[in-house]
Structures are given as C-alpha cells and as structure tokens.
Amino acid sequence: MALPPYATTGQRIWHYAFKVIAIGLFIFLLFPLLTIIPLSFNSGEFLYYPLKGLSLRWYEAFFSSDEWWRAMKNSAIIGFFATILATVLGTIAAVGINRADFPGKQVLLALLISPMMVPLVITALSLYLFYARFGMNDTYIGLILAHAILGMPFVLITVSATLQSFNTNLIRAGASLGASPTKVFFDIIMPNIAPGIASGAMFAFATSLDEVVVVLFVAGPAHRTLPRQMFTGIREQLSPTILAAATVLIVIAGLFMLVLEYLNRRNEKMVGPMETKG
Amino acid sequence: MTDAQAPAIPAAGGEQLKRRLQRAERRKKIEAVSLIMPLLAVMIVFYFIPIALMLYRSIDNTQMRQVMPRTADVIARWDGKDLPGEDVYKAAAQDMKEARQKHTIAKAARRLNFDKPGFSSLISRTARKVSKLDVDKCENCKQTLISIDKRWGEKPWWTVMQRGLKDHTLLYLLSALDLRYDDNNHVVRVPEEQAIYMSIIARTIYISASVTILCLLLGFPIAYYLATATPRVRNLFMIVLLLVFWTSLLVRTLSWILVLQDYGVVNSFLMWAGITSKPIPLVFNRFGVYVAMTHVLLPFMVLPLYSVMRVIPKSYVRAAHSLGATPLKAFWSVYVPQTLPGIGAGALMVFIQALGYYITPALVGGSRDQMISYFVAFFVNERVNWSMASALGLLLLVLTGTMYLIFGRKVNIANMKMG
C-alpha cells in the first residue's frame, strides 16, 4: 500500500502508525512461538529466561523417553489410518455431491460437515458412552474412527471446491470415448482433483495430530497421543522436555504449511485461481 | 444440442429423447446418493447414533428400575395423597435387601440423593438393617421400616422415590438449568447459593463474545494489512499467520503459560522497566484465558476477512474521497460495509468454536474461568455422573445450534471455509 504523492501530513502519520500497529499484531501472533523455541535449547532446568547456556539435552530426553516415543507412535498410527479413511470416504462423497442435485441435499451437506461445528466435548462424551457398550474405549479402532469423522469435513470441503472448478465435459469426453465410469474416475477425475484431495488429507491429518479432547475421553494410558501426553505434561510436571516436544510440533506445522502452499499453487495452475486458502 | 441439429430429430423421437434424458438424470441422482452412502453410513453409526444416545441418556432413568424392580412396579400406582400402602413398603424392603446383596444399592442411593440430599444415608442405613430381617415374611413392613428410620413415615421421601423410579426423568435437565422439584412435584428454582449452571452458561457466552470482539478488533487490521500490502510483505505475513494457524493448539496454550507466568517474558519486562515491583498474575485467570483464546482463534477471523477484503475494489473508497468524504468517513461508510460478509463469517466461526472450548480454559484459566465443556468433562471424570454430563452436553449443543441458526442464516457458509 504505497502512499500517494498527494497524501496530507495526517494521512502520512496514519499510514506509518497503521504499519506499526500491523507489525505489532504480527509480533503478537508469532511471539509465543518465538519464546518457546529458544527455551527448548536451554541447558538449565528452568522454564524462563535468561538461558543458562545452549544444549540439546531436552531433545535427548524427548527422543529417549519411552512415553514420548509411544505417544509419537500412537499419533502416527491413528493419524495415518484416520486420514486414509477420511480421505477415501470424503473424496467419494464429494464426487457424489457434485454429480447431481437431489432433494434434501443442503440438509445432508450440513449434516456431513457438522463434526466441524459441534463442540468437541459433545463428540467425545457421545463416543465415550457409545464405545463403553462395545468395549471400544481404549482401542486404536475407536480413536481412528473418531478422528476420521472429525477430519472428513475438511476433505469434503477442499475436494468439493476443486470439483467445482473441474470441467465436467472431460468426464463426458472420456465416457464418449468408451471409458468405463471407474476408468473415468481414476484416469480423468482423480489426476485433476489430486491437489484438492491432498490438501484435504493434510487437513485431516493435522486435525488428528492436534485433537486432544476425544483422546482424553476415549483413550487409556496405552493409547496416549502426542497432544495428550503434552496435556498431562502441562497439568502435572511441567519439564523442559515438553518444550522440545512443542518445538518438534512447530517444525511439523511449518512443513504442513509449506506442503499446502505448494499444493495450492499447483491447484491454481491446473484449474485457475480459486477460493482455497491456506 | 445446437439449433442446426434440432430439426433432424423427429417429433416421436423427441418424446423418447425426453424419457431417456429423465432416465439418465435419475441414474445420476442414484449414483450421487450411492457415492455419498459409505460416508453417511459410517457417520450414522459412529457419530449421529452416539450423539442421539448421549442426548437420550440425559432423560433415561431405566437403571433405577433394574435396582428396585418391585418398588418401581407398585409405587407407580400410588396416588401420592397419603403415605403409600403396605405393598410399596414391602416391595421397597425386599428390593433394598436384594440390592444390598447384589452391591447395586449404592447406585440407587446416589441417584436418589441427587434429587433429595439425605436420601443416600437413609437408603444405606435401611438396607443394612433390612438385610438382617426376613422381609419376605414381614407382617407389617410399613411399621418395620418406620421403626428403622422415621423418615419412611414422611411423604416427601416417597414422592422422591416415586419420581426416581420412573423410566424417564427431567431431573438432570432441570438441574442443568438450576431448577429442581419441590416436595409437591412442582418445578422450582434452586436456592441462590446452590445455583451454578445458569451463571456458567452466562459466563460461557460472555467469554465467547468477548473473545469474538477481541478477535475482530485485532483481526480486522491484520486482514486489512494483508489485503493492501505489497505482494512480498503479504507473502511474509501470510506465512507467519499460517504457521501460527497450523501450530498445535496445545503448543500455543503452553507458550502463553510460559510467556505470562510470574517469571515469564512479560513480567520480567514489566519489572525491568520498573512498572511493577512484583509479578502481576497474568495467567491462570481470566486475562490468560482471553489472551490465549484470542491468539488461538484469531486466524479463523483473519482468513475469511482477508478473502473478502482482497477482492474489494479500491476505486470505491477513492470515489468517496473525490466526492469529499473524509478518510474516516470513506472508510466507515464505504469500505467497512463491504467487509461485512467476512466479519459475519469470521465472527460466527470464532464464537461457535469458543462456546465449546475446553482445553485452553482448562490449562490457562482459574476455577472461575471454566466454561460448560469443562463441567461436562468434570461430571464424567470426577463425579462419574454420565446423566448430568449428558444434560450439560445437551445444553451446550442447543446453545451452539441456536447461535448457528440465529446468525448462520445471514452468513454464507462458503466464506467459512477455513485454513
């Protein structure tokens, strides 16, 4: 936002004042992350500045702890399978939703994305009571299903957005040239909406990786995930090891962001600019 | 079908074509529905049915009939005018004896005590005594029970027993609204010093609304700056925003605890600058909740705002300037109204998410800063009272749904795409 040459003094002052405010706000956004990362390299035992010296001892503690390893393993297992389930079911459903209009479509759509809007504690309590009847509390399958349902709306939304800008004549062209519907799906639709599917899958995985309320209700000690282990750490013994875990999660967040940016760019190249953010 | 081809189709074929088109359309609809089916089936079984069962649990009372089946049958016929008849006393004595042997009596005692304090001791005391008697043969069970505890000769306890043995109860929902039954089965308000839930609901709405306003106040300049900055600056700041957005909620909450604690960066700075001589409590109180929740939810305000702002043409504000509007006036009456769809979407997103927040207030708040979700978890984990947890869950769901229906109509859901 360049200042026009005819700007008055007042406008100039406001222009720079606003710049300062905006930069201040971005510092507010980044501030907590900037605070936590250096502290994780502290060689002392305290959780505040000044640093006593630099060391990797808390990373050593993190990577050599059985509890944290188990938490990472659980997060990876649950996240992986929940993402697959959410992506497959969500993509197929998104294709269906974009295929035709039928009565009650809007209501159905609202129901399908409701896991995004319903408070997590309600989902958690409902699943806890439901799983209790079938002995599914404290099982991988229970957690995977729960996280798949929570991640699926993101797949539905991102894939639908990609499909809306997808040229449906390509389907007809494929069909008229004799391709079976399955072949059309895998050879024509899939490659075109792949970036949308990938973004949706990323969202689903991130949702699972960040989710802690359902895990708190449904998982026992053996199925604690990374955020669940952090929750206990913050509540019970706040040790600097948790800062190493937090920094690892910030790095993962950075990777997510880069991959999604890349996917978005690719998507824009393939189907033209569209309203996907992040 | 182009015009050039149209005449080539004979009239009879036209009818046929129409029918074929209809059939094709119907097939497409069936295809659409069958593609959605797998997802819908999983969601029905593992999402909608569990939620429905949870909501039903808030009024379900059948577990009481399992503990005291005989009493449940006979007390249902009691007219509630005088003390119940001998059959009720006998059934109660038999049920209490049997339940004590099966170790289920504590369940009934706890359940009835929830309705009327004191019932727990009455039940366990009586059960202990009747277990030594041969109640199947007792001639005057009424007299026996009253001699064990004279409260069995008072009608209010039997009124509670009667409504406590029905298959459905509104007790938990009433409790969640700070209401209860009096001795005559009328719904009344609980005494002021016992009323807690209405103030928790009010607090939940108040904190959520405050966080929404804070997010709007901070998010508007951020989005405006993103929308008007040069591409290079915008890319840089967008990366900051998205990095924060993608960072785990727990990491951000933990960071704020460290920043705001007594020896944290903020207090150290304030003491170094001489603004305060001893640390100001900034976390584990309401202030900490506002800061952390605003930080966590801010991207949900900025992203929809930004997507609306970046397509607002600059020429409108310039036109207002050239027509003589002051910068403030041009901004307020020309620019801001165009951002309303973004404000609406962002505010709804932040507000609805804030209503259900549990983790952040639980970690950075004090005991007076907890919202409804916290109490749902509290009744599950600490009290093992699933019915009360469900009643509060129902309340939270109704609250969220109502807000969504009131404000959601005015907001385009497409603007709420996040991330």
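Over all chains, the structure, which is a predicted model, holds 15 salt bridges. Within chain A, Asp187(A) is paired in this way with Lys183(A), the closest N and O atoms of the two being 2.8 Å apart. Both residues belong to helix H9 (residues 181-210) of chain A, where they stand 4 residues apart, about one turn of the helix. Asp187(A) is partly exposed, its relative accessible area being 47%, and Lys183(A), at 47% relative accessibility, is likewise counted as partly exposed.

In chain B, a salt bridge is found between the side chains of Arg125(B) and Asp149(B), with an N to O distance of 3.5 Å. Because Arg125(B) lies in helix H6 (residues 119-130) of chain B, whereas Asp149(B) lies in the loop between helix H7 (141-148) and helix H8 (155-164) of that chain, the pair ties together parts that are 24 residues apart in sequence. The accessibility of the two partners was computed as well: Arg125(B), at 34% relative accessibility, counts as partly exposed, while Asp149(B), at 7%, falls under the 20% limit and therefore counts as buried. Asp149(B) also meets the side chain of Arg151(B) in a salt bridge, at 3.1 Å from N to O, and both Asp149(B) and Arg151(B) are buried. Elsewhere in chain B, Arg70(B), Asp95(B), Glu98(B) and Lys102(B) are joined into one network by salt bridges that share partners.

Between chain B and chain A, the count is 1 salt bridge. This pair consists of Glu31(B) and Arg99(A), whose closest N and O atoms are 2.6 Å apart. The contact as a whole takes 89 residues from chain B and 90 residues from chain A. About 8,300 Å² is buried between the two chains, 82% of it on carbon and sulfur atoms.

As regards confidence, the mean pLDDT of chain A is 88, and 96% of its residues reach 70 or more. Over residues 272-278 of chain A, however, the pLDDT is below 50, although this stretch has 26 contacts in the model beyond near neighbours in sequence. Where pLDDT is low, predicted coordinates should not be read in detail.

Notes: Residues numbered from 1 in each chain as written. Chains lettered and ligands numbered in written order. Predicted model: local features only at pLDDT ≥ 70, side-chain atom pairs only at ≥ 80, totals over all residues. Heavy atoms only, no water. pLDDT = per-residue confidence, 0-100. Contact = heavy atoms within 4.5 Å. Buried area = accessible area lost by both parts, 1.4 Å probe. Salt bridge = Lys/Arg side-chain N within 4 Å of Asp/Glu carboxyl O. Helix = DSSP H or I, 4+ residues; strand = E, 2+ residues; numbered from the N terminus. Buried < 20%, exposed > 50% of the residue type's maximum accessible area, 1.4 Å probe, protein only.
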